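Let's take a walk through this model from the inside out.

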Amino acid sequence: MAMDFRLPPDLTAYLAELDAFIEKEIAPLQARDDNQRFFDHRREWARTDWDAGGLPRHEWEELLAKARKLADQAGHYRYALPKAYGGQDGTNLGMAVIREHLASKGLGLFNDLQNEHSIVGNNPFVLMIRDFGRPDQQHLIEDMLDRGAFRPTFGLTEPDHGSDATHMETRAVREERHGEPGWRIDGEKMWTTGMHVATHCCLFARTSGQDGDARGITAFLVPAHAPGVKIEEYLWTFNMPTDHPRVSFTDVWVPDSAMFGPEGGGLALAQHFVHENRIRQAASSLGAAAYCIEESIKYARARKPFGKALAENQAIQFPIVELSTQVEMLRLLIRKTAWEMDQMTKPEVEKRLSDKVSMCNYWANRLCCEAADRAMQIHGGIGYSRHKAFEHIYRHHRRYRITEGAEEIQMRKVAAWLFGYIGPRKQAFQ
């Protein structure tokens, strides 16, 4: 069979549909009531409530919610979800292409990845509840999507433990209160993004086993305002506003019904959506890199210091050539990997494709930072200013070299597959 690298016609048609929706519904909303302040040189000031611990301003989050509602009403927001939940059974390839397409447009209300906002949403908790929630917890999907009554955040990382999640110090022990069986939880979590508006924290705690054991960690849906839950501080980051607090859990009690997924099997929940998240985030970084490159090309052709276009200088040309070459190669790897993911079950992806997902993710994040940095340099002073999007792109995408699995962790995984310590090549080295 001949190889065919063309995108499916229905996918290219959907990109055009999204563009038309943005033009008709989202762009006018962005232009209204000076909402442009959230995207031009005023964006960091406009988005950040400096007097409230650096939290996102209410007006900013309200605007994002309006855009998501419009997208949901138009049938776009749930694209990746199963049709049973109002989605379109979107594929990994489809999401990768869409995420790249939107990010390549630059900053806008249609797609602002500083806080994972997009008119085509990424909703990992929906499938987590479907696959791990008990029958009496399935209503949380509707509560989250349709009513906004369930707004979860993620409590995995700790002040002293990030990538080494199996060494977490948060503990949950069985304890009965008022005749009802349950759990007492004590510990502390970091980077619990969105806790300021969350109704629950999906909290991971060790319930059995020893430090370093993969088994023995359990997930709980802890009410955000339960007695003993305290937001200690909001950590100001390279990219403001911040909604990433350090949260303490002191003598927090929850009933057995708060357990989410199997006792001792919590890490499966934490890893349930990791490959989908990583390939989609890689595609967004790729799109943002392409945006930086294209803007640099247009500027270099138009800018004429000393009477000739910047673009005539090889010092301008060659770095852009290298970045563009990497974009082309990475695009093929991302789309091939996403397409292969669509041919497999989740367990098969973990066993057969995890290294390729890591390759895509860590290299895309690094490439985006390099492209944004080069765009600043080519644009000179105006590139360093906030009147261009490059500093915003750099500050946001720089974090992805740490989150979603630090690039060193992902490189270590790729190396383990290459050298046969894990993965399909293991048998060849025994």
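Start with the largest cavity, which has a volume of about 110 Å³. A cavity here is a set of points on a 1 Å grid over the protein atoms alone where a 1.4 Å probe fits but cannot get out, and lining residues have an atom within 4 Å of a point. Points are joined across faces, edges and corners, and a volume is the space filled by probe spheres set on them. Among the residues lining this cavity are Asn111, Asp112, His392, His396 and His397. Helix H13 (390-398) gives the largest share of that lining, four residues. By class, the lining splits into five nonpolar, six polar and one charged, where Ala, Val, Leu, Ile, Met, Phe, Trp, Tyr, Cys and Pro count as nonpolar, Asp, Glu, Lys and Arg as charged, and the others, Gly among them, as polar.

A word on the ground rules: this is a predicted model, in which local features need pLDDT of at least 70 and side-chain atom pairs count only at pLDDT 80 or more, while totals for chains, interfaces and linings use all residues. Residues are numbered from 1 along each chain as its sequence is written, and side-chain values use heavy atoms, with hydrogens and water left out.

Now for the nonpolar packing. A nonpolar core is a set of buried Ala, Val, Leu, Ile, Met, Phe, Trp, Tyr and Cys residues joined through side-chain atoms within 4.5 Å; buried means under 20% relative accessible area, with exposed over 50% and partly exposed in between (1.4 Å probe, protein chains only). In the largest core, which has 66 residues, Ile98, Ile119 and Ile334 touch the most other members. Its largest share, eleven residues, comes from helix H8. Setting aside neighbours within four places in sequence, Ile334 is in contact (heavy atoms within 4.5 Å) with residues including Ala96, Ile279 and Cys360. A second, separate core has 24 residues, among them Phe125 and Leu269.

Finally, look at strand S8 (residues 200-206): six of its seven residues are buried, so the rest of the structure largely encloses it. Helices (H or I, at least four residues) and strands (E, at least two) are DSSP runs, numbered from the N terminus, and two strands pair if DSSP finds at least two bridges between them. S8 pairs with strand S5 (residues 152-155) in the parallel sense over four bridges, and Thr153 stands opposite Cys201. With strand S9 (residues 217-223), S8 pairs in the antiparallel sense over seven bridges; there, Thr218 is the bridge partner of Ala205.

Methods: On a 1 Å grid over the protein atoms alone, a cavity is a set of points where a 1.4 Å probe fits but cannot get out, and a pocket is an open set with protein on both sides within 12 Å along at least five of seven lines; lining residues have an atom within 4 Å of a point.
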